[in-house]
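I opened my notebook to look up a few things in this model. Here is what I was working from.

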Amino acid sequence: MIYILASIGFAYLLNRLIGDFPIIPKVPQLLTRFIVYTEERWYKAEGTPKSQSTKGIFALIFAVIVAFFLPVIFIFSLYYVYHGADWIAHTIICCQLLGMHTIQKSCEAIFKGLHFDDIQAARNAFTDFSSLDSADLTGENLIRETVLTTAEQSLRTVTAPLFFMCIGGAPLACLYTLTEIMTRRSILHPELTQFYKGARFVN
């Protein structure tokens, strides 16, 4: 247990101090690409709600196997390759799962646009940050929405992943991130509501 907590703590410090590893893709980005792939393979717009829900469950099971068991196999295989390599891999995965640095960069971009009276740049930065339409937001509204989005993103990309890391390490945090991304995609794309019905239930 101390072994895992030390890895999580070091990953937290790394993300706070240096941010993301530049040559290693963020885990949520990899999971998003994988989820989009499962949509292309399983989702059919002309299907009935029941068939969409059934295919979504199969896609969820397949995604869970990949998102949870692949990190488990990878980390444990490194344990037998070189002593300590599994700890390093676990730390890097935990670091790439956390979104503190991304939140900080997004808030700085929004503040920079507001500070230099470039409201359009601030709106674009907010849209990239929240995936919400910001065309009608003024300065004060933009600040309020940024604060609310920061609180939400901190819960989704920092607090919750850290909680699941402490329970089941990086694999369980990957599983949480997977279901969270699926749930958000069902919100952003209403046509996928039935397809991600199982993911919303798990989340």
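**Helix pair.** I began by noting that this is a predicted model. Then I looked up how α5 (100–115) runs against helix α7 (residues 139–188). Their axes come within 10 Å and cross at roughly 175°. An angle over 145 degrees counts as roughly antiparallel, so I wrote down α5 and α7 as roughly antiparallel to each other.

Next I listed who makes the contact. From α5 I found Met 100, Ile 103, Cys 107, Ile 110 and Leu 114. The α7 side includes Gly 139, Leu 142, Ile 143, Thr 146 and Val 158. I sorted the residues of this contact into eight nonpolar, six polar and no charged.

**Cysteines.** How many disulfides does a search of the whole structure find? I got zero. Cys 94 is in no disulfide, and the nearest cysteine sulfur, in Cys 174, is 7.9 Å away. A disulfide would need the two sulfur atoms within 2.5 Å. I also checked burial: Cys 94 is buried, at a relative accessible area of 0%.

Cys 107, one of the α5 contact residues, came next. The closest cysteine sulfur to its own is in Cys 95, 18 Å off, which is too far for a bond. With 24% relative accessibility, Cys 107 counts as partly exposed.

**Loop residue.** Last, I went to the loop between α5 and α6 (119–130), where Asp 117 lies. Its phi is near 55°, a positive value in a residue other than glycine. Is Asp 117 buried or exposed? I noted it as exposed, with a relative accessible area of 72%.

Definitions and conventions:
Residues are numbered from 1 along each chain as its sequence is written. This is a predicted model: local features need pLDDT of at least 70, side-chain atom pairs count only at pLDDT 80 or more; totals for chains, interfaces and linings use all residues. Side-chain values use heavy atoms; hydrogens and water are left out. Helices (H or I, at least four residues) and strands (E, at least two) are DSSP runs, numbered from the N terminus. Buried means under 20% relative accessible area, exposed over 50%, partly exposed in between (1.4 Å probe, protein chains only). Axes are lines fitted to C-alpha atoms, for helices over the stretch in contact, and angles run from 0 to 180 degrees between N-to-C directions. Angles under 35 degrees count as roughly parallel, over 145 as roughly antiparallel, 65 to 115 as roughly perpendicular and the rest as oblique. Contact means heavy atoms within 4.5 Å. Ala, Val, Leu, Ile, Met, Phe, Trp, Tyr, Cys and Pro count as nonpolar, Asp, Glu, Lys and Arg as charged, and the others, Gly among them, as polar.
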